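Here is a short briefing on the model shown below.

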Amino acid sequence: MSLPLYFRCVDDGSVLVVEVVRPVGSLAEEAVMQELDGIVAALAQRTTCKVLIDFKQTAYFGSSLLEGLRLIWTKVEEREGRMVLCNLSPVGKEIVQLAKFDTLWPICETRAEALTLLK
Amino acid sequence: MTRVLIVDDSLTDRRLAGGLVTRAGELDVHFAVDGQDALDKIELHLPDLVVTDLNMPSLDGLALVKAIRDQYPMVPVILMTGHGSDAVAVEALRTGAASYVPKIRLADDLVDTIQQVLAVSHADRGRARLMRRLQRQQVEFQLENDVELIMSLVQFLQDAARGMKLCDDADRVRLGVALQEAIINACFHGNLEVSSSLREVDHHAYYDLAKERAAMPPYSERRITVSVSISSAEAIFVIKDEGPGFDPHSMPDPRSPQNLDKPSGRGLLLMQTFMDEVRFNDRGNEVTLVKRCRLPHSEDRNCQ
């Protein structure tokens with residue numbers, strides 16, 4: 001199994017933590033779509049559908065990553081789950097708020113805070 | 001005269017290193033007993049070079065390298081390493097140290113290493129002085145529909161904006177996001193003519209079509225032209241594709257609740273938010289992005 005280039009998944013009990021490890025240029029990059037497909041498949045196998053997206057390692061992103069998150073969210077929503085974002089940089093927070101995605105996904109300052117909210 | 005600061009908590013090692021450096025001539029040698037003492041002395045009188053031990057009380061060599069890199073990025077640091085400290089030396093080099101010399105090889109290698117590092121540092125300072133006098137950069141790129149090239153170009157343009165002191169770090173990130181959106185749009189929607197409406201139905205179909213077209217004429221023959229003019233007052237980016245163009249007014253507002261689950265319009269929204277001006281030509285295959293400087297420019301910018 002190859003190492004993830006863009007999204008590292010960590011199982012934290014009832015929550016699937018997805019760490020964004022580098023900026024996503026476009027979903028056209030094969031590895032990005034493969035990894036997103038892997039996350040969606042992993043969600044399908046879980047009994048509870050709670051996802052935490054951790055941006056600690058990525059200061060900025062654009063519409064491509066938002067689109068990727070929207071793909072994950074579609075599956076989470078289907079299963080009446082929840083998705084929370086944490087560790088966003090000021091610019092990252094600005095981008096999420098600008099696209100109004102903060103109305104769907106709560107933003108927490110830290111991972112611990114986000115996990116508490118989800119659990 | 002070139003000023004060298006030698007930092008070591010061992011009097012013997014300070015004397016040894018100091019003696020070697022003094023013998024090389026033309027160097028004004030000063031001493032500090034640990035990292036904190038070194039920072040105090042650097043604040044009083046900026047050296048041209050620091051030579052430091054790794055293991056010291058108060059503030060060790062690694063922490064000193066980090067502090068100098070943050071506060072005095074033009075001052076190079078050479079490490080003197082003891083036996084068994086190779087891993088820390090590698091870490092220090094990653095952190096920003098210019099070079100290192102094992103203590104057992106000080107007599108043979110220290111002076112040569114100092115001279116090499118000073119030569120590079122002198123060239124760096126000369127370049128930095130020259131770049132402070134740069135008034136305008138004008139460049140033009142022609143790219144294939146290749147995401148990796150696009151990402152590299154965005155990084156290059158962000159660096160150019162930083163070099164011209166056009167914006168602070170946060171604004172440089174916003175600039176990068178807007179440019180990335182504009183050039184990716186030119187590639188996918190412009191040259192490859194893949195529509196976001198396909199993405200609403202099936203993501204894989206959207207990207208499979210893009211991949212197919214990237215290798216198929218006439219799409220594959222189309223190029224993205226990026227013309228850039230950057231001064232310390234403003235940057236103008238003109239991004240042109242060779243596709244049929246589009247009507248930017250036809251884009252839905254991605255912030256409307258009914259459009260939150262649709263993939264269209266977010267790129268344009270980011271461009272319009274993060275740039276001071278965004279305008280399209282009539283055909284809709286060329287976008288001009290303008291970013292203006294909001295930083296107060298130092299009056300002595302050209303005098304250092």
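In chain B, 5 strands make an open sheet with parallel pairing, in the order β2-β1-β3-β4-β5. The edge positions go to β2 (27-32) and β5 (99-102) of chain B; each has a single partner strand, so one side of each is left without a neighbour in the sheet. From one strand to the next, the twist averages 20 degrees. Note that this is a predicted model.

**Sheet and helices of chain B**
- Strands β1 (residues 2-7) and β3 (residues 49-53) of chain B run parallel and are joined by 4 bridges.
- B:Leu5 has B:Val50 in β3(B) as its bridge partner.
- Helix α2 (residues 35-44) of chain B lies across β1, β2 and β3 of chain B. This helix runs at about 160 degrees to β1(B).
- Helix α5 (residues 106-131) of chain B also packs on the sheet. It touches β1, β2, β3, β4 (77-81) and β5 of chain B, and its direction makes about 170 degrees with that of β5(B).

**Sheet and helices of chain A**
- Chain A has an open sheet of 5 strands in the order β1-β2-β3-β4-β5, with mixed pairing.
- β1 (7-12) and β5 (107-108) of chain A are the edge strands; each has a single partner strand, so one side of each lacks a neighbour in the sheet.
- Strands β3 (residues 50-54) and β4 (residues 82-86) of chain A run parallel, joined by 5 bridges.
- Within this pair, A:Lys50 stands opposite A:Arg82 in β4(A).
- α1(A) lies across β1, β2 (15-20) and β3 of chain A, at about 15 degrees to β1(A).
- α2(A) packs on the sheet and touches β1, β2, β3 and β4 of chain A. Its direction makes about 150 degrees with that of β4(A).

**Contact between the chains: area**
- Chain A and chain B bury about 2300 Å² between them, with 65% of it on carbon and sulfur atoms.
- On the chain A side, A:Tyr60, A:Arg70 and A:Leu98 lose the most area to chain B, together 24% of what that side buries.
- The contact involves 27 residues from chain A and 28 residues from chain B.

**Contact between the chains: pairs and make-up**
- There are 2 salt bridges between chain A and chain B.
- One of them joins the side chains of B:Arg266 and A:Glu67, at 3.7 Å from N to O.
- The chains also share 4 residue pairs in polar contact.
- On chain A, the elements giving two or more residues to this side are α1 (30-44), α2 (63-78) and α3 (90-98).
- α2(A) supplies the largest share, 6 residues.
- The chain A side divides into 14 nonpolar, 6 polar and 7 charged residues.

Conventions. Residues numbered from 1 in each chain as written. Chains lettered and ligands numbered in written order. Predicted model: local features only at pLDDT ≥ 70, side-chain atom pairs only at ≥ 80, totals over all residues. Heavy atoms only, no water. Contact = heavy atoms within 4.5 Å. Buried area = accessible area lost by both parts, 1.4 Å probe. Salt bridge = Lys/Arg side-chain N within 4 Å of Asp/Glu carboxyl O. Polar contact = N/O pair within 3.5 Å; in protein donor to acceptor, adjacent residues only side chain to side chain. Nonpolar A, V, L, I, M, F, W, Y, C, P; charged D, E, K, R; others polar. Pairing = 2+ DSSP bridges. Axes fitted to C-alpha atoms, helices over the stretch in contact; angles between N-to-C directions.
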